[in-house]
Amino acid sequence: MNSIRNLTDESYIKLSLEIAKKGTGNVSPNPLVGCVLIKDDRIIGAGFHEHFGGNHAEINAFENASEDIDGSTLYVNLEPCSHSGKTPPCVDKIIEKKVKRVVIGTMDMNPLVSGKGIKKLKLAGIDVKVGVLENECISMNKFFFKYITQKLPYVTLKAAQTLDGKIADDSGRSKWISCTASRRYVHKLRAKYDAVMVGIGTVKKDDPSLTVRLTEGRNPKRIVIDTRLDLKLSQSLFLNNHDHNIIVVTSKESKKKVGKIKKLLAHGAQIIYVKESSNNKINLKVTLQELAKINITSILVEGGSEIFTSFVKQKLFDDILVFITPKIIGSGLSVVNNLGINGIKQSLKVKIASAEKIGDDVLLELTK
């Protein structure tokens with residue numbers, strides 16, 4: 001009986017995860033949450049957190065229920081909240097609705113919630129089970145968990161390179177190293193992250209828009225690291241800034257460029273001033289802290305080589321996505337430059353989390 005129940009519990013938590021994905025791109029800085037209500041071995045309701053500030057998944061499941069909830073089992077991938085925020089506590093509603101059993105994928109790492117919701121449910125006499133498909137549930141909300149525990153956004157470095165490790169030729173041209181299928185995949189990624197980030201060098205060389213065009217999905221915020229405020233308003237970033245979602249990170253010294261600042265602001269850019277490090281570059285750790293303050297929980301860093309090198313050297317990334325295309329060009333611009341490593345024994349080691357073929361390319365997912 002227990003083994004049958006375990007299989008059933010996993011199936012419904014898996015379903016809650018699939019439902020939770022529907023909120024991708026719309027709920028940040030909140031987590032992705034899905035909820036399923038079961039009664040007499042039938043699904044009587046389901047819901048997900050649809051947008052930031054809106055009802056949580058449990059409440060939507062209650063509102064969508066086809067019959068009385070009393071005596072049902074509630075499945076949810078993340079511990080229900082027990083505190084008042086933009087919405088009332090979900091735990092109170094679960095108790096009020098006389099749910100008999102609650103199965104939770106993983107505890108919430110938010111200090112305001114962690115364990116408190118579970119405790120309150122148990123005190124109300126509800127049968128609670130925690131830790132079903134826990135790894136999958138944690139992975140689903142890796143952006144949220146890092147943001148809520150470290151006050152930093154989750155950082156993914158994304159690179160497209162030739163077989164011999166080049167992201168551009170000697171003249172800096174990089175369009176197009178990867179295949180169409182890989183570029184479409186990247187656009188899907190952009191829709192999942194709160195923001196994409198590039199350095200001013202990439203803007204000057206590639207004139208990217210950094211929007212979602214090859215697939216459906218909302219545009220992320222576009223962040224440019226521009227220490228000296230060299231951005232030009234004629235670049236595609238501004239020509240396509242209809243949603244006013246550009247963030248320019250520059251040095252505090254740039255405050256002197258009053259005229260340029262006024263023009264950037266008039267074109268819908270938000271400017272964040274950060275002190276420089278000893279190497280006369282923007283302090284990336286402080287930059288990430290400032291971006292977290294404006295509720296950016298995840299960043300896809302798309303280049304170029306200089307900014308990649310800085311993130312790797314300072315170990316400020318969480319994972320790396322590398323699209324390897326079967327092309328060889330010999331000389332050119334490398335993905336990462338000098339890290340101050342003098343030998344193989346000192347090399348920065350990463351783990352291959354996954355590998356898959358996308359079109360003509362191979363995508364490697366690497367973690368620290």
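Visitor: In which loop is Pro29 found?
Guide: This is a predicted model, in which local features need pLDDT of at least 70, side-chain atom pairs count only at pLDDT 80 or more, and totals for chains, interfaces and linings use all residues. Residues are numbered from 1 along each chain as its sequence is written, and side-chain values use heavy atoms, with hydrogens and water left out. Helices (H or I, at least four residues) and strands (E, at least two) are DSSP runs numbered from the N terminus. The peptide bond from Ser28 to Pro29 is cis, with omega near 10°, and Pro29 is found in the loop between helix H1 (2-20) and strand E1 (34-39).

Visitor: Which peptide bond is cis, with omega near 5°?
Guide: Most peptide bonds are trans. Gly304 has its place in the loop between E12 and helix H12 (305-313), and the cis bond with omega near 5° runs from Gly303 to Gly304.

Visitor: Is Asp41 buried or exposed?
Guide: Asp41 lies in the loop between E1 and E2, and its phi is near 60°, a positive value in a residue other than glycine. Buried means under 20% relative accessible area, exposed over 50%, and partly exposed in between, with a 1.4 Å probe and protein chains only. Because its relative accessibility is 72%, Asp41 counts as exposed.

Visitor: What is the relative accessible area of Asp40?
Guide: Asp40 has its place in the loop between E1 and strand E2 (42-48), and its phi, near 55°, is a positive value in a residue other than glycine. Asp40 is exposed, with a relative accessible area of 61%.

Visitor: Which strands stand at the edges of the open sheet of nine strands?
Guide: The order of the sheet is E11-E10-E9-E8-E12-E6-E13-E16-E15, with mixed pairing, where two strands pair if DSSP finds at least two bridges between them. One side of each edge strand is left without a neighbour in the sheet, because each has a single partner strand, and these edge strands are E11 (269-274) and E15.

Visitor: How many bridges join E15 to strand E16?
Guide: Strands of a sheet pair through backbone hydrogen bonds, either parallel or antiparallel. E15 and E16 (residues 361-367) run antiparallel, and Glu356 stands opposite Leu363 in E16. The number of bridges that join E15 to E16 is seven.

Visitor: Is Ile341 exposed or partly exposed?
Guide: Ile341 lies in the loop between strand E14 (333-334) and strand E15 (351-358). At 34% relative accessibility, Ile341 counts as partly exposed.
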